[in-house]
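User: I am new to this structure and would like a guided tour. Could you take me through it topic by topic?

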Amino acid sequence: MCGRYAASRKAEDLVQLFDVRQWDGEETLEPDWNVAPTKEVYAVLERPIRGSDDPAPVRQLRTLRWGLVPSWSKSPDTGVKMINARAETVRDKPAYRQAFAARRCLLPADGYYEWATAKDELDLEQQGRRKRPRKQPYFVTPVDGSAMAFAGLYEFWRDRTLPDGDPGAWWVTCTVLTTDAETAPLPGAGEGPGPHALAEIHPRMPVALPPDRWDTWLDPRHDDPEELTALLSSLPTGRHRAYPVGTAVSNVRNNSPELVRELDEPEIGTLF
């Protein structure tokens, strides 16, 4: 899954990296080292410019709320439960089907956090000596330091309790697509303590699309389900590394570059 990630790049850098053609300079976010559900996040998407007579989609950088609210939802409260969508079934699920066909986006990130349960903590839980085992956070990030581009979907939701023209009447929300975590060896993983593969940390991971798939994924004129589904599979491996970080990231109130600092060894027990 993807329940927390880091996104520190400035909007100006994202505009250049993703070849963005339209960006409202007032939609600026501060670097966020602990992005959590319901927060505002940057998203790259393609759609016609509002108020323009030209129907051609234009690549834009927008700020969206993380946690997708379907257009037909009676309440926005469902968003917090829909931060992720499974790539294997997204084309068929009623909550995501329409967005998958026409409202796809990329969510830029430095990397994402995932939590692994230490072996000795599991032992304590099984013995009944600890009801909720502590977990060690890991940060997964590109080996070359480049940006990750999570495959995402976005949706519009109208708050019918507010009048037309109210700036809060429309919600634009998004979700991150996930897939089975890689079982291929992590770059640099030796014979010692793990993790040796992303799947050892968690069975799921966000779909991080390589640059050669960005254009097709973003273009709403591409609507063939088979073609779109294929973009989410057979992803190249060996692009990411994973390392332990401090447990401070587990508290969403903490937010600083220190959260992604690599530790020499995990803070919590023996994990692998």
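**Overall picture**

Analyst: Of the 272 residues in the protein, 47% are buried, where buried means under 20% relative accessible area, exposed over 50%, and partly exposed in between (1.4 Å probe, protein chains only). This is a predicted model, in which local features need pLDDT of at least 70, side-chain atom pairs count only at pLDDT 80 or more, and totals for chains, interfaces and linings use all residues. Residues are numbered from 1 along each chain as its sequence is written, and side-chain values use heavy atoms, with hydrogens and water left out.

User: How many helices and strands does the protein have?

Analyst: There are six helices and 13 strands; these are DSSP runs numbered from the N terminus, with helices being H or I of at least four residues and strands E of at least two. The radius of gyration is 19 Å, close to the 19 Å that the globule rule gives for 272 residues, so the protein is as compact as a globular protein of that length. That radius is taken over C-alpha atoms, and the globule rule is 2.2 Å times the number of residues to the power 0.38. The C-alpha trace spans about 65 × 40 × 35 Å along its principal axes.

User: Which residues have the most contacts inside the largest nonpolar core?

Analyst: They are L106, L153, L177, L209, W217 and L232, in a core of 30 residues. A nonpolar core is a set of buried Ala, Val, Leu, Ile, Met, Phe, Trp, Tyr and Cys residues joined through side-chain atoms within 4.5 Å. Elements that each supply at least two residues of this core include α1 (11-17), β4 (40-47) and β10 (148-158). Apart from it lies another core, of 29 residues, among them C2, A43, L45 and Y138.

User: What does L106 touch?

Analyst: Not counting residues up to four places away in sequence, L106 touches residues including F18, Y42, F150, L209 and W217; a contact means heavy atoms within 4.5 Å.

User: Changing topic, how many salt bridges are there?

Analyst: The structure holds 13, a salt bridge being a side-chain nitrogen of Lys or Arg within 4 Å of a carboxyl oxygen of Asp or Glu. One of them joins R103 and E155, whose closest N and O atoms are 3.0 Å apart. R103 lies in the loop between α2 and β7 (104-109) and E155 in strand β10, so the pair ties together parts that are 52 residues apart in sequence.

User: Are R103 and E155 buried or exposed?

Analyst: Both R103 and E155 are buried. In another salt bridge, R21 pairs with D19, again with closest N and O atoms 3.0 Å apart. There R21 is exposed, at 61% relative accessible area, while D19 is partly exposed, at 40%.

User: Which residues are linked in a network of salt bridges?

Analyst: E46, R59 and D215 are linked in this way.

User: And how many aromatic pairs are there?

Analyst: There are 10. Rings of Phe, Tyr and Trp (its six-membered ring) pair if their centres lie within 6.5 Å; planes under 30 degrees apart count as stacked, over 60 as edge-to-face and the rest as tilted. W157 and W171 have ring centres 5.8 Å apart and planes at 85 degrees, so the pair is edge-to-face. W157 is in strand β10 and W171 in strand β11 (residues 170-180), 14 residues apart.

User: Which residues do ring pairs link into a cluster?

Analyst: The cluster consists of Y5, W66, Y112 and F150.
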